[in-house]
Each structure stands twice: as structure tokens, then as C-alpha cells.
Amino acid sequence: MTVRKNQSQLTADEKRRFVTALLALKRDGRYDSFVSTHNDFIMSDTDNGDRVGHRSPSFLPWHRRFLIQFEQALQSVDASVALPYWDWTVDRTPAASLWAPDFLGGTGRSRDSQVTDGPFASAGNGWRINVRVDGRDFLRRSLGAGVRQLPTKAEVDSVLAMSTYDMPPWNSASDGFRNHLEGWRGVNLHNRVHVWVGGHMATGASPNDPVFWLHHAYVDKLWTQWQSRHPGSPYLPAAGTRDVVDLNDTMRPWGDVTPADMLDHTQYYTYDVAA
Amino acid sequence: MSGITRRRAIGAAASAAAGIAVVGAARAAATAAEPGAEAHPGAAPDAFDEVYLGRRIQGAPSHGGGHHGAHGGHGAGYSVRIDGDELHIMRNADGTWISVINHYEPRATPRALARAAVVELQGATLVPLAPPAHSSPTAPSSPSAV
């Protein structure tokens, strides 16, 4: 059974295996196909049109399915690997072990935001940025430059307290849990973390930075925590909503999975702590 | 490595010569809306054309032509270019704007969005993105339970 652990608790061997699997997927081209898919949806999901991966109720089940697919790709390289999660309410600074050279490497240098240490520095291991929005082919970060503070535990709790999953107009203007977690409204959780990391994480091609998966694994865990707090609150909308993925509608690009299929993660993975 | 034009090299050099402090200040300036500019959902913003940190940024209402994105209209009838290359932009329901360069941080106006993109690009050239294929990266398959 896959157990997703807090990244801060990983052993040196677990970190090494995770990084090695990432580099293997990068080498065989599978990694970049995930970046392409994400960028395609980022650019096509619109507030007043068809929307699946972002700014819509299916933001959470879509990313859950996306991460399961990625995790299974990692496991095809090394069956012992699981996606770790980054609790940014606790590990809040560039000094966190997450950003050490033996894991993800640190922030970018001031001159061009280029990451210069760790396994994904442009100089080593072939982490070339191929699916890109501009001419630069090296990984970039500017930790803490775009916004000063990562979300706090109190801010997360204020969002987890919202009892309604999502509301009309089912987009970036919505009130409710999903849009506050996504960050288009209110204290801003998920979006703000992308901005705090900066560089590629601030762009549509954000999965170019491996921290994308750890960030979204934590967002996914927050969805589970919300379900635990509000056992009577269903995924919404239930049916018949234009441009939006209802509970039993299939999600692109897979066509064989619905939000209903994604509500319970436990058949795919569990967590190292109770939700 | 793609070739960098002389004009862009000059722009990048000028930005670099001005120092990193300028990037910080520019980031703040780009984030702030220009005076009097407010987001009005539905109202098309005015055109603009200026040189910002050595790059020519242009914005103008458009009518679906020449857009390379996923589907027409998510620029909300507005097009932004940096040194002639189109920047993929999108309008949010509340009238704010995002681009593929600054996707998770809305700006009040297309001009602010263009300036923010110039700051992030640090002299680099925009790459026109191919239209999304809307196909699965791998053969669609149900994830196997473990």
C-alpha cells in the first residue's frame, strides 16, 4: 500500500529514491508529458467556458487523479516510492530541509533565478526545461520574492471550517471551500504557494519544478481533512451544470474517471498520519 | 540555446546594469495597477504601447484573430504582445487578468500583466506555445488500486 509521508520525515534513502525516480521519468520523456498536460488545462480552463483542472469544482478530483497517475509512473521506476507532501504551514522558510541539496535544491541565484544546487540544477543530471513559456531552459525559483509569507495554520483552519464544498458560479468568483483552498478568493492558499516559490512554479508550466507534486499532495491532503470535518457535505454540483464537471461526469483527459470515483483516496494511498 | 536579438540583448543588459534592486522595485511596480485603472468586468481595456525595461509591450482589443491558445475568447477579446510575441492571457470573472508567465497572481490590468511578465522574463524571449492537443499524456487507463 502506498503511504504518502510528510517530506520533512523522509529518510535519506527515501529522498534519494524519490529523486532518482523523478530523474528517470525526466530522461524517458514521461515527466514532460505531465508538464504538457497541466499547461494545456491551465490555458484552456476559463471562468466562462469549459473548465476541468482549475477554477472549478473539479480542481480537487482532477489533481487527485493527475497525482495518482504521476505516482504510478514513479512506481513503475521504483515500487517503493510514494509522493511526499509539503506542509507549508510548518516548513515555511528557504532553510527547510525540503530545499537542501540532497532533496530539491534551494532558491535561484539573484542574477537570473537559476537554481544552482541539488539534483535539478541545470548543470547536473539533465533537468532541462523542455515544455517552456520562454527561451530559458534551466529551472528557476525565487523563494519568498513574489509574496513574503506562506499560508499559516490559522489561515488553513479558516478555510477548512467552510462547510460548503463549492458554489455557483463554480469558478474563480465562487465562495466556499474549493475556491478558498484554490486561492482565487479570500486568504489564498494554493495559488499563493505557487507565487511564493516563484520561477517555473508561478507559470502555467509549474510541474517543471518537482515541488509541484509535493505542494499538490498537501492540497490533496487538505481536501481529505475537510471531508473528515464535514462528513455530511457532498461534492457539488450534483448534476446538470454547463461547462462544469458534475459529480458523475467524466473528466478530461482521461474520460474514464469522475469526481465520484475520486472522493475516497484510501484505495490508492493512505497518509502517515490520521487526517 | 535560441539566438537573442541585439535589441533584446540591449534591453537585458540595460536591466542587468540597472541592478537587481530595480527588479525588486519593478516587481512591486508591476504588481500595482496604474493610477486610475480599475478592473471592470466586461469593459474592454484601452490599448497601450510602451517600452518597459527595454522591452516593447503592446496591448489592444482583439477579435479572436491570431490567438494560439486552447480556444478563442479567453483573452476576453484582448491581446498582449512583448516584442511582437503574443503573451497568453486570460481574464478572471472579477475582471482581473493572469498570463501564462504569472498564472497564479491576478493583476488589475493587461498593462500591469505585461509589465509583470517583462520582469519575470529578465530579457528572455517568449515561446509561442503550441495549441493544446487535449489528449492524455499516456494511454487513458484506470489507476490500479494497490
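How many helices and strands does chain B have? Chain B has three helices and six strands; helices here are DSSP runs of H or I with at least four residues, strands are runs of E with at least two, and both are numbered from the N terminus. This is a predicted model, in which local features need pLDDT of at least 70 and side-chain atom pairs count only at pLDDT 80 or more, while totals for chains, interfaces and linings use all residues. Residues are numbered from 1 along each chain as its sequence is written, chains are lettered from A and ligands numbered from 1 in the order in which they are written, and side-chain values use heavy atoms, with hydrogens and water left out.

**View 1. Chain B as a whole.** Of the 146 residues in chain B, 42% are buried (under 20% relative accessible area, with a 1.4 Å probe and protein chains only). The accessible surface of this chain is about 6800 Å², and carbon and sulfur atoms hold 59% of that (Shrake-Rupley method, 1.4 Å probe).

**View 2. The open sheet of chain B.** Look here for four strands in the order β1-β2-β3-β4, with antiparallel pairing (two strands pair if DSSP finds at least two bridges between them). β1 (48–52) and β4 (85–87) of chain B stand at the edges with a single partner strand each, so one side of each has no neighbour in the sheet. From one strand to the next, the twist averages 25°.

View 3. Five bridges join β2 (residues 55–61) and β3 (residues 78–82) of chain B in the antiparallel sense. B:Gly59 sits opposite B:Val80 of β3(B). Helix α3 (residues 110–121) of chain B packs on the sheet and touches β1, β2, β3 and β4 of chain B; contact means heavy atoms within 4.5 Å. The direction of α3 makes about 25° with that of β1(B) (axes are lines fitted to C-alpha atoms, for helices over the stretch in contact, and angles between N-to-C directions run from 0 to 180 degrees).

**View 4. The buried side of helix α4 in chain A.** Within α4 (residues 153–160) of chain A, you can find A:Val156, A:Val159 and A:Leu160 buried. They share one side of α4(A) because they cover an arc of only 100° around the axis, taken from the directions from the helix axis to the C-beta atoms. The buried residues of α4(A) pack against α5 (177–182) and α7 (211–229) of chain A.

Definitions and conventions
Buried means under 20% relative accessible area, exposed over 50%, partly exposed in between (1.4 Å probe, protein chains only).
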